Amino acid sequence: KLSIQRLIKLKSNNPEAFDQKFEAISEGLLEQIDILSNTASEFSSYAKFYVEQSGLFDLYSLLKEQVAMFDNRENLRISFTSDIENALVFARKGQIVRVVVNLLTNAIQALEQSDVKGFIKVSLIAEGNFYYVGVEDNGDGVSQDNLGRLFSPNFTTKSSGNGLGLAISRSIIEQSGGKIGYKKSDLGGACFEFSLPIYKPN
């Protein structure tokens, strides 16, 4: 919705920018529509996952594309930092996209409830046999009382939603051979970090 609103605004105020952004935003929207269509049924049941074959893909490109999709708000800036390119992993790409979308959506919603000028930082590093992806913000973070329940099914601090996003994200990451966790961000807010094994051909 935000991307479509941005296109409408660009067409009215800056036709040149509209031409430049239309293709990239449209491609991202189509991908997100496909993902939402596939996940609509699974979010009604924690145990039900979309059947998808694992494949080789570039985690760097995936993150860069998702950040570009979400970085469309005037009062919020999202950055992506990494000194890695061609970060190959072997996993279910659609499910990893869902994890990233969930973490970015949570960060944006948390910042909407905060009085600060919003900033989200997405990072990608390699350490040992794993890639580590961080999604952190400068919001209020997670209260001490809620830390132990973050990844539990049906837990949510929002007025809407079913509280399955982080629980499903944890299952996806663990099924992919990685881990996901929370810590306080150096930016002052929340930092969610997940890992995925670095692809190493036999």
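Predicted model: local features only at pLDDT ≥ 70, side-chain atom pairs only at ≥ 80, totals over all residues.

Visitor: Which residues line it?

Guide: Among them are Lys21, Ala24, Ile25, Glu27, Gly28 and Glu31. The lining also includes Glu65, Gln66, Ala68 and Met69, along with Arg6 and Asp71.

Visitor: OK, switching to the fold. How many helices and strands are there?

Guide: The protein chain has five helices and seven strands. Going along the sequence, you read α-α-β-α-β-β-α-β-β-α-β-β.

Visitor: What's the strand order in the sheet?

Guide: It's an open sheet of five strands, ordered β2-β4-β5-β7-β6, with mixed pairing.

Visitor: Why is one side of β2 and of β6 left without a neighbour?

Guide: Because β2 (76-82) and β6 (180-184) stand at the edges of the sheet, and each has a single partner strand.

Visitor: How does β6 pair with β7, parallel or antiparallel?

Guide: Antiparallel, over five bridges, with β7 covering residues 190-197. If you want a spot to look at, Lys184 has Ala190 in β7 as its bridge partner.

Visitor: What about α3, where does that helix lie?

Guide: α3, residues 59-70, lies across β2, β4 (118-127), β5 (130-137) and β7. Its direction is at about 170° to β2. Helix α4, residues 93-112, packs on the sheet too, touching β2, β4, β5 and β7. The angle between α4 and β4 is about 145°.

Visitor: Now the whole chain. How much of it counts as buried?

Guide: 45% of the 202 residues. The chain exposes about 11500 Å², and carbon and sulfur atoms supply 49% of that area.

Visitor: And what share of the contacts comes from residues 24 or more positions apart?

Guide: 70%, counting the contacts in the chain with a separation of 6 or more.

Visitor: Great, that's what I was after. Thanks!

Technical notes:
Residues numbered from 1 in each chain as written. Heavy atoms only, no water. Pairing = 2+ DSSP bridges. Helix = DSSP H or I, 4+ residues; strand = E, 2+ residues; numbered from the N terminus. Contact = heavy atoms within 4.5 Å. Axes fitted to C-alpha atoms, helices over the stretch in contact; angles between N-to-C directions. Buried < 20%, exposed > 50% of the residue type's maximum accessible area, 1.4 Å probe, protein only. Areas by Shrake-Rupley, 256 points an atom, 1.4 Å probe, with all protein chains shown as cover. 1 Å grid on protein atoms, 1.4 Å probe; cavity = no way out; pocket = protein on both sides within 12 Å on 5 of 7 lines; lining within 4 Å.
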